[in-house]
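Got the sequence and the 3D view open?

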Amino acid sequence: MTVNKAEQRQGYDAELEGCAPQTLAVRSGQQRTDVHEHCEPIFTTSSYVFRTAAEAAAVFSGEQPGNVYSRYTNPTVAAFEQRMAALEGGEAAVATASGMAAILSVCMAHLNQGDHVICSRSVFGTTTTVFSKYMPKMGVEVSFVDLVDPQSWEAAIRPNTRMLFLETPSNPLSELADLKQLSQLAHTNNALLVVDNCFCTPVLQQPLKLGADIVVHSATKYIDGQGRCVGGVAIGSAEHMKELTLFMRACGPSLSPFNAWILLKGIETLPLRIKAHCENAGELAQWLQQQPGISKVHYCGLEDHPQHQLAKQQQNGFGGVLAFEVEGGQEAAWRFIDSTRLVSITANLGDARTTITHPASTTHCRLSDEDKQKAGIVPGLIRVAVGLEDISDLKKDLVRGLAGL
Ligand SMILES: *Cc1c(COP(=O)(O)O)cnc(C)c1O
């Protein structure tokens with residue numbers, strides 16, 4: 001790819017130093033070609049050509065920068081990686097085919113046989129599968145701990161602990177962990193702190209600035225924001241991303257250029273969308289608290305949430321996901337869900353469209369009744385990932401749900 005050096009005023013990253021997220025979201029990572037395109041092109045090519053055999057040799061050996069093959073590098077994917085690195089405040093990023101591929105790649109790059117991982121019990125269900133089924137197969141030991149209890153993290157530390165992994169706030173109960181505190185615990189024990197920042201996105205929380213070593217995302221959620229594709233990314237120091245890049249190149253869970261382009265376009269509206277998601281969710285949470293038939297609302301933006309102060313310190317907003325409990329258990333929860341007409345009944349989240357789901361029988365259905373109870377996934381719990389519809393239309397739809405109780 002030829003970069004037009006004559007047009008240096010075109011959003012090169014040096015000019016973006018110190019710019020706000022809104023600016024980074026639309027300007028970072030773009031390198032124009034000599035076509036002078038305004039929008040980023042999609043480079044749908046599997047490989048790249050060289051002018052001479054000597055040039056091919058120089059690029060293959062790494063002496064000269066350049067693209068070789070799209071499993072290794074692709075300009076559209078690189079633009080997405082740079083934009084995510086800029087937003088998270090990391091030196092580098094590695095894009096992956098999905099959020100799960102990002103999590104697996106981080107593990108494969110940074111864990112060895114005989115290592116030990118401490119993982120929050122309140123992580124995405126498939127993440128639990130990676131840590132409970134696949135990591136032990138690689139000879140990695142895993143302990144699961146209570147997200148909100150610092151003592152349980154500390155007590156789980158072993159001499160071979162090399163990674164602490166968590167999501168904050170958690171899904172669906174909106175519980176938090178103190179990232180600064182956990183990063184100290186990780187670093188005094190020579191371990192990495194890895195944070196799945198899918199729920200907050202860099203707009204609301206930048207874990208690297210709070211001491212995390214690596215941030216991972218399911219870009220499928222808010223980064224795309226419109227339910228169009230699956231993708232993932234990991235962000236961190238150049239050193240930490242180097243091992244990850246090597247894993248990606250050798251094992252191949254790379255992101256397609258087309259999906260990278262969709263995600264690039266998604267990021268451009270991310271700050272605006274997140275603000276709107278937060279406003280709608282905040283208003284719905286307060287409104288739900290006042291409705292008859294609802295016994296509890298879980299949202300870290302509510303003043304009576306036990307970790308509301310931490311949420312205010314650690315985040316720039318409270319996110320778009322809330323949960324609430326209806327009286328009458330699963331039957332009532334299902335009646336509530338089935339009585340809505342506007343919101344989508346799906347376990348997806350981070351979409352422009354509001355989604356509603358019953359965690360106990362969907363996202364958390366594989367937990368035993370006892371584990372559900374321990375995790376707070378009670379039968380009457382309903383999760384809403386609040387979208388961008390008008391708030392009064394959303395309330396009207398949830399009134400239908402309440403009428404069904
Ligand atoms: C969806 C999700 C994932 C998995 O991402 P995929 O893109 O579906 O592979 C990981 N973590 C969280 C918090 C998620 O919501």
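One thing to keep in mind: what you're looking at is a predicted model. Find helix H3, which runs over residues 75-88.

Is H3 mostly enclosed or open to the outside? Eleven of its 14 residues are buried, so the rest of the structure largely encloses H3. "Buried" here means under 20% relative accessible area. Among the buried ones are Val 77, Phe 80, Met 84 and Leu 87, but you'll also find Glu 81, Arg 83 and Glu 88 in that group. And what does the covering? Helix H1 (21-27), strand S1 (92-96) and helix H10 (257-268) are among the elements that do it, and so are helix H8 (201-204) and the strands S6 (214-218) and S7 (232-236).

Just past the helix, Gly 89 takes a positive phi of about 70 degrees.

Next stop: the ligand. There are 13 residues around it, and Gly 99, Asp 196, Ser 218, Thr 220 and Lys 221 come nearest. Let's take three of these in turn. Gly 99 uses a polar backbone atom, 2.9 Å from an oxygen atom of the ligand. Asp 196 brings a polar side-chain atom to 2.6 Å from a ligand nitrogen, while Lys 221 has a polar side-chain atom 2.6 Å from a ligand oxygen. As for cover, the ligand has 380 Å² of accessible area on its own, and the protein covers 91% of that. If you sort the shell by residue type, you get five nonpolar, five polar and three charged residues.

Go to the loop between strand S4 (161-167) and helix H7 (179-188), where Pro 169 lies. The peptide bond joining Thr 168 and Pro 169 is cis, with omega about -5 degrees. Pro 172 is in the loop between S4 and H7 too, and the bond from Asn 171 to Pro 172 is also cis, with omega near 5 degrees. Ser 174, again between S4 and H7, isn't a glycine, yet its phi is positive, near 60 degrees. At 2% relative accessibility, Ser 174 counts as buried. Thr 201, in helix H8, likewise has a positive phi of about 60 degrees without being a glycine. Thr 201 is buried, with a relative accessible area of 1%.

Val 326 belongs to strand S9 (residues 321-326) and is buried at 5% relative accessibility. Its contacts include Ile 294, Phe 336, Ile 382 and Leu 405. Val 326 and Pro 379 are 53 residues apart along the chain, but their C-alpha atoms are separated by 8.8 Å. Thr 355, in strand S11 (residues 355-357), is buried at 4%. Its side chain reaches the backbone oxygen of Asn 348 at 2.7 Å, and Thr 355 also touches residues including Ser 344, Leu 349 and Val 384.

Note on methods
Residues numbered from 1 in each chain as written. Predicted model: local features only at pLDDT ≥ 70, side-chain atom pairs only at ≥ 80, totals over all residues. Heavy atoms only, no water. Helix = DSSP H or I, 4+ residues; strand = E, 2+ residues; numbered from the N terminus. Expected span 1.5 Å × (residues − 1). Buried < 20%, exposed > 50% of the residue type's maximum accessible area, 1.4 Å probe, protein only. Contact = heavy atoms within 4.5 Å. Near = heavy atom within 4 Å. Polar contact = N/O pair within 3.5 Å; in protein donor to acceptor, adjacent residues only side chain to side chain. Areas by Shrake-Rupley, 256 points an atom, 1.4 Å probe, with all protein chains shown as cover. Nonpolar A, V, L, I, M, F, W, Y, C, P; charged D, E, K, R; others polar. Lists of a residue's contacts leave out its neighbours within four places in sequence.
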